[in-house]
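Here is my note on the model. Please read it with the structure open beside you.

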Amino acid sequence: MTIQKNPGKLSVGIMGGTFDPIHMAHLVTAEEVRIQFDLDRVVFVPSGNPPHKEARNVSDQEHRYLMTELATISNPYFSVSRVEIDRPDEELTYTIDTIRYFHRHFEGKANIYFITGADAILEILTWKDYRELLSICSFIAVTRPGYCLSKLEETIGAACPEALCNIDILEIPAVAISSTLIRSRVAEGKPIKYLAPEAVTQYIIKHGLYR
Ligand code: ATP
Ligand code: MG
């Protein structure tokens, strides 16, 4: 799909994630989507208290926020939002609330594109109010090594066929990096050079994260 640019409206990509830590694949994804879809900006939204990450101990949100700031600082089209991490601690954060927030924030003058990797979009039927979510913003699902987007049609098509026209698939240069990989390499004392931006690597060392 080519985005029909509306002169009165911004095109805003929202890149949600736990970012524990943010890594090169997140940045490659956001920049490739920005260029291919001619977005005016991409806002990174570190997750607050996401329901699907309850099982493991996620790093303190201020660490994740600061690493995301450090990683995105050199790209004028990138910014970081505190909308999810500033929610009260005990409240679970849901993407639907975040998208509603951005619609209010831009006073309805922005087309919102939620950017996800293949693994995340394949789970969308488990997200809160997914039908409404798929109707109030468009999704850009990027390829990710190890996940097959050809299952998307059968997964979402069966439950919510009308949503399929609101999801675009973009093939990005394959980068088989995950935050899980980085955390386990740090825990094993292995180097993580070039897997994350240098400033993020230094931040991890300085604060003794993932040991
Ligand atoms: P974890 O291993 O802790 O789950 P992660 O690497 O999957 O971390 P997240 O913060 O969970 O990173 O992901 C944020 C978003 O970035 C998700 O939509 C995810 O699918 C996407 N993403 C992460 N890594 C990649 C990758 N290597 N290629 C494409 N998309 C990715
Ligand atoms: Mg993940």
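**Notes on the predicted model**

1. Start with a helix pair. Helix H2 (residues 61-72) packs against helix H8 (residues 198-206), with the axes 8 Å apart and an angle of about 150° between them. H2 is therefore roughly antiparallel to H8, as angles over 145 degrees are classed that way. The crossing of H2 past H8 is right-handed. From H2, the contact uses Leu66, Met67, Leu70 and Ala71. From H8, it uses Ala199, Val200 and Tyr203. By class, this contact between H2 and H8 has seven nonpolar residues, no polar ones and no charged ones. Keep in mind that this is a predicted model.

2. Next, the ligand. Which residues come nearest to ligand 1? They are Gly17, Ala25, Gly117, Ser179 and Thr180, out of 18 residues around it. H1 supplies the largest share, three residues. By class, the shell around ligand 1 has nine polar, six nonpolar and three charged residues.

3. Look at the loop between strand E1 (10-17) and H1, where proline 21 is found. Aspartate 20 and proline 21 are joined by a cis peptide bond, with omega about 0°. Phenylalanine 19 lies in the loop between E1 and H1 too. Its phi is near 50°, a positive value in a residue other than glycine. Is phenylalanine 19 buried or exposed? Phenylalanine 19 counts as buried, because it has 25 C-beta neighbours inside 10 Å and 20 or more is the cut-off.

4. Tyrosine 194 has phi near 75°, and it is a residue other than glycine. Tyrosine 194 sits in the loop between H7 and H8. This residue is exposed, because 11 other C-beta atoms lie within 10 Å and exposed means 12 or fewer.

5. Proline 46 belongs to strand E2 (residues 41-46). It counts as buried, with 26 C-beta neighbours inside 10 Å. Which residues does proline 46 contact, once neighbours within four places in sequence are left aside? The contacts are Gly17, Phe19, Gln61, Arg64, Tyr65, Thr68, Glu84 and Ile85. Two links to earlier points follow. Phe19, a contact of proline 46, lies in the loop between E1 and H1. Gly17, another contact of proline 46, is one of the residues that come nearest to ligand 1.

6. Arginine 144 is placed in the loop between strand E5 (138-142) and helix H6 (152-159). Despite the loop setting, arginine 144 counts as buried, with 23 C-beta neighbours inside 10 Å. Beyond four places in sequence, arginine 144 is in contact with Gly117, Ala118 and Asp119. Of these, Gly117 is also among the residues that come nearest to ligand 1. Arginine 144 and proline 161 are 17 residues apart in sequence, and 23 Å separates them in space, C-alpha to C-alpha.

7. Isoleucine 167 is part of strand E6 (residues 167-170). Isoleucine 167 and phenylalanine 78 are 89 residues apart in sequence and 22 Å apart in space, C-alpha to C-alpha.

8. Last, lysine 128. Its place is the loop between H4 and helix H5 (130-136). Lysine 128 counts as partly exposed, with 13 C-beta neighbours inside 10 Å. How many residues separate lysine 128 and isoleucine 96 in sequence? The answer is 32, yet C-alpha to C-alpha they are 6.9 Å apart in space. Lysine 128 touches both Tyr94 and Ile96, not counting residues up to four places away in sequence.

Terms used. Residues are numbered from 1 along each chain as its sequence is written. Chains are lettered from A and ligands numbered from 1 in the order in which they are written. This is a predicted model: local features need pLDDT of at least 70, side-chain atom pairs count only at pLDDT 80 or more; totals for chains, interfaces and linings use all residues. A residue is near a molecule or strand if its C-beta atom, placed from the backbone, lies within 6 Å of it. Helices (H or I, at least four residues) and strands (E, at least two) are DSSP runs, numbered from the N terminus. Ala, Val, Leu, Ile, Met, Phe, Trp, Tyr, Cys and Pro count as nonpolar, Asp, Glu, Lys and Arg as charged, and the others, Gly among them, as polar. Two residues are in contact if their C-beta atoms, placed from the backbone, lie within 7 Å. Axes are lines fitted to C-alpha atoms, for helices over the stretch in contact, and angles run from 0 to 180 degrees between N-to-C directions. Angles under 35 degrees count as roughly parallel, over 145 as roughly antiparallel, 65 to 115 as roughly perpendicular and the rest as oblique. A crossing is left-handed if the near helix is turned anticlockwise from the far one by less than a right angle, and right-handed if clockwise.
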